[in-house]
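Here is my note on the model you sent. Please read it with the structure open.

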Amino acid sequence: MALKVKAIEKKIKFTKDENDPGVWRYVMSPELYTPLSQAKVIKEAALRSGVSRGVMQACWDAAGEVIKAWATEGHSVALPGLGTMRFGPATAKR
């Protein structure tokens, strides 16, 4: 699977100091992003794994509940092929 990306030149500052000149760097961002429906994901996963859609739906629901529970408790959750996911504390914007 390929992801189409583009490089966008952005000024990056590492401090909130208004005298910080920052640095210009290229930042990669997806060029095309479209949300996939849950039904499409389940259908494709069922095809790739050889199990029925009903079984895949049950697995999807169970995995979602486990990820939600563990991630919201502060655990890092492994996402195969992507890395790990972890929620950080919310920061208030001023």
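1. How exposed is valine 5, buried or partly exposed? Valine 5 counts as partly exposed, because its relative accessibility is 38%. The cut-offs are under 20% relative accessible area for buried, over 50% for exposed, and partly exposed in between, with a 1.4 Å probe and protein chains only. Valine 5 sits in strand S1, residues 5-12.

2. Some ground rules. This is a predicted model, where local features need pLDDT of at least 70 and side-chain atom pairs count only at pLDDT 80 or more, while totals for chains, interfaces and linings use all residues. Residues are numbered from 1 along each chain as its sequence is written, and side-chain values use heavy atoms, with hydrogens and water left out.

3. Confidence. The average pLDDT of the protein is 85, and 90% of the residues score at least 70. pLDDT is the predictor's confidence in each residue, on a scale from 0 to 100. Helix H1 has the highest confidence, at 95. Strand S4 (residues 83-85) has the lowest, at a mean of 86.

4. Layout. The protein has two helices and four strands. From the N terminus, the order is β-β-α-α-β-β. Helices (H or I, at least four residues) and strands (E, at least two) are DSSP runs, numbered from the N terminus.

5. Overall shape. The radius of gyration is 19 Å, whereas a compact globule of 94 residues would have one near 12 Å. That radius is taken over C-alpha atoms, and the globule rule is 2.2 Å times the number of residues to the power 0.38. The C-alpha trace spans about 60 × 35 × 20 Å along its principal axes. Buried residues make up 9% of the 94 residues.

6. Helix H1. This helix has twelve residues and covers residues 38-49. From first C-alpha to last it reaches 16 Å, close to the 16 Å expected at 1.5 Å a residue. The expected span is 1.5 Å times one less than the number of residues. Just after H1, glycine 50 takes a positive phi of about 80°.

7. Alanine 45. This residue lies in H1. Alanine 45 counts as partly exposed because its relative accessibility is 26%. Isoleucine 12 is 33 residues from alanine 45 in sequence and 39 Å away in space, C-alpha to C-alpha.

8. Salt bridges. The structure holds two. The criterion is a side-chain nitrogen of Lys or Arg within 4 Å of a carboxyl oxygen of Asp or Glu. In one, arginine 48 meets glutamate 44 at 2.8 Å, N to O. Both lie in H1, four residues apart, about one turn of the helix. An α-helix has 3.6 residues a turn, so residues three or four places apart point the same way. Arginine 48 is exposed, at a relative accessible area of 71%. Glutamate 44 is partly exposed, at 36%.

9. Lysine 68 pairs with glutamate 65, with the closest N and O atoms 3.5 Å apart. These two are three residues apart in helix H2 (residues 53-72), so about one helical turn separates them. Lysine 68 is partly exposed at 47% relative accessibility, and glutamate 65 is partly exposed at 48%.

10. Nonpolar patch. Leu3, Val5 and Met28 make a nonpolar surface patch of about 310 Å². Patch residues have over 30% relative accessible area and no salt bridge; like charges are joined within 9 Å, nonpolar side chains (Val, Leu, Ile, Met, Phe, Trp, Tyr) within 5 Å. Accessible areas come from the Shrake-Rupley method with a 1.4 Å probe; for residues, only the protein chains shown count as cover.
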